[in-house]
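Welcome! Take a moment to look over the model, and then we will walk through it together.

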Amino acid sequence: MPNLKINDVPVTVESGTLLLDACRQAGFEIPHYCYHPALTAVATCRMCMVEIKGQPKLATSCTTLAAEGMEVSTQAPAVADARAAVMEFLLLNHPLDCPICDQAGECRLQDYSYQYGSGDSRMEEPKRRYRYEELGAKVVLDKNRCIHCTRCVRFTQEITKTCELTMVERGARLEVTTFEGLTLDANPLAGNVVDLCPVGALTSRDFRFAKRAWYLKPVPTISRHSAMASPLWADVDENRVWRFRPRPLERKRATHFLFDEERRAHARYN
């Protein structure tokens, strides 16, 4: 079990623990967009970078394993500068539509912009614009908000193995879309891409523009529509259940996801 220091705090973790999780164990939250505990780590967003003593460059904590004797800093000036730079890049083309975005109130882009962003933008060129894209009858994609974390793509590749989603083009033209002729309609777990999206680019057709997140009270419960009794959150307001969401349990990968049949069962209680 490696012993290391994180911001001068000694911590002992299990072998094979990622630095990101080790930092959490020490009480230091690491910002991230692309990392998800049930998906392959790809380090595309670069928000989780930390400084490791003796290494010439910052390291992505979501792909670096904790090692014996490491001295890690999550608060160094170089780390703060890197996070501010990443936030500036992510916001270059992001629309200022928070008042109408379904993700407002539970958006990591909002939270991290406030906590780690510089507060200024040097963008003078017009922002790029895309039309809404319907990924079938369940999910709507607003590419203007997408930050290319690839969580949704990896989900369809690694979890459902149906591979409907992909990344096309390169550079400033990079975008998420479906393979030609495919939709998410036949995917029984399609609704999970909405939960996985950290910025509101993927929205549920059932919940879209229905209710503001900050009015909802999450109530822990279990699904009555599955033999597995999946743990879930029932978001409640005005004596009504507005949506069901997965309620992940530690070290139980399957609890991060919910079948669409269970997700849509909230309508039966209203």
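Is strand E12 (residues 231–237) largely enclosed by the rest of the structure or left open, and how many of its seven residues are buried? Five of the seven are buried, so strand E12 is largely enclosed by the rest of the structure. Here, buried means under 20% relative accessible area, exposed means over 50%, and partly exposed lies in between, with a 1.4 Å probe and protein chains only. Strands (E, at least two residues) and helices (H or I, at least four) are DSSP runs, numbered from the N terminus.

Before going on, two notes on the source. This is a predicted model, in which local features need pLDDT of at least 70 and side-chain atom pairs count only at pLDDT 80 or more, while totals for chains, interfaces and linings use all residues. Residues are numbered from 1 along each chain as its sequence is written, and side-chain values use heavy atoms, with hydrogens and water left out.

**Strands and their partners**

Strands of a sheet pair through backbone hydrogen bonds, either parallel or antiparallel. Two strands count as paired if DSSP finds at least two bridges between them. E12 has a partner in strand E11 (residues 217–222): the two run antiparallel and are joined by six bridges. E12 also pairs with strand E13 (residues 240–246), again in the antiparallel sense and over six bridges. E12 and E13 form a hairpin with two residues between them, and Glu238 in the turn has a positive phi of about 55°.

Next comes an open sheet of five strands, in the order E2-E1-E5-E3-E4, with mixed pairing. Its edge strands are E2 (9–12) and E4 (59–60), each of which pairs on one side only. Strand E1 (residues 3–6) runs antiparallel to E2, and four bridges join them. Among the bridge partners, Ile6 goes with Val9 in E2, and Lys5 goes with Pro10 in E2. The hairpin of E1 and E2 has two residues between the strands, and Asn7 takes a positive phi near 55° there.

Another open sheet has three strands in the order E6-E7-E10, with antiparallel pairing. Strands E6 (133–134) and E10 (202–204) stand at its edges with a single partner strand each, so one side of each is left without a neighbour in the sheet. Strand E7 (residues 139–141) is joined to E10 by three bridges, and Val139 stands opposite Ser204 in E10.

**Rings and charges**

How many aromatic pairs does a search of the whole structure find? The search finds five. Rings of Phe, Tyr and Trp (its six-membered ring) pair if their centres lie within 6.5 Å; planes under 30 degrees apart count as stacked, over 60 as edge-to-face and the rest as tilted. In one of the pairs, the rings of Tyr33 and Tyr112 have centres 5.2 Å apart and planes at 65°, so the pair is edge-to-face. This pair links distant parts of the chain, 79 residues apart: Tyr33 is in the loop between helix H1 (19–25) and strand E3 (49–52), and Tyr112 is in helix H3 (residues 108–116). Tyr33 is buried, with a relative accessible area of 0%, and Tyr112 is buried too, at 9%. Together with Tyr116, Tyr33 and Tyr112 form one aromatic cluster.

Some rings have a charge over them, meaning that NZ of Lys or CZ of Arg is within 6 Å of the ring centre and within 35 degrees of the ring normal. Two examples follow.

| Charged residue | Ring | Distance from ring centre |
|---|---|---|
| Arg208 | Tyr132 | 4.8 Å |
| Arg247 | Trp233 | 5.9 Å |

**An enclosed space**

Rolling a probe the size of a water molecule over the atoms shows where empty space is left. On a 1 Å grid over the protein atoms alone, a cavity is a set of points where a 1.4 Å probe fits but cannot get out, and lining residues have an atom within 4 Å of a point. The structure holds one cavity of 30 Å³ or more. The largest cavity has a volume of about 90 Å³, a volume being the space filled by probe spheres set on the points, which are joined across faces, edges and corners. Of the 15 residues that line the largest cavity, Cys146, Cys149, Cys152, Cys197 and Leu202 are the closest to its centre.

Methods
On a 1 Å grid over the protein atoms alone, a cavity is a set of points where a 1.4 Å probe fits but cannot get out, and a pocket is an open set with protein on both sides within 12 Å along at least five of seven lines; lining residues have an atom within 4 Å of a point.
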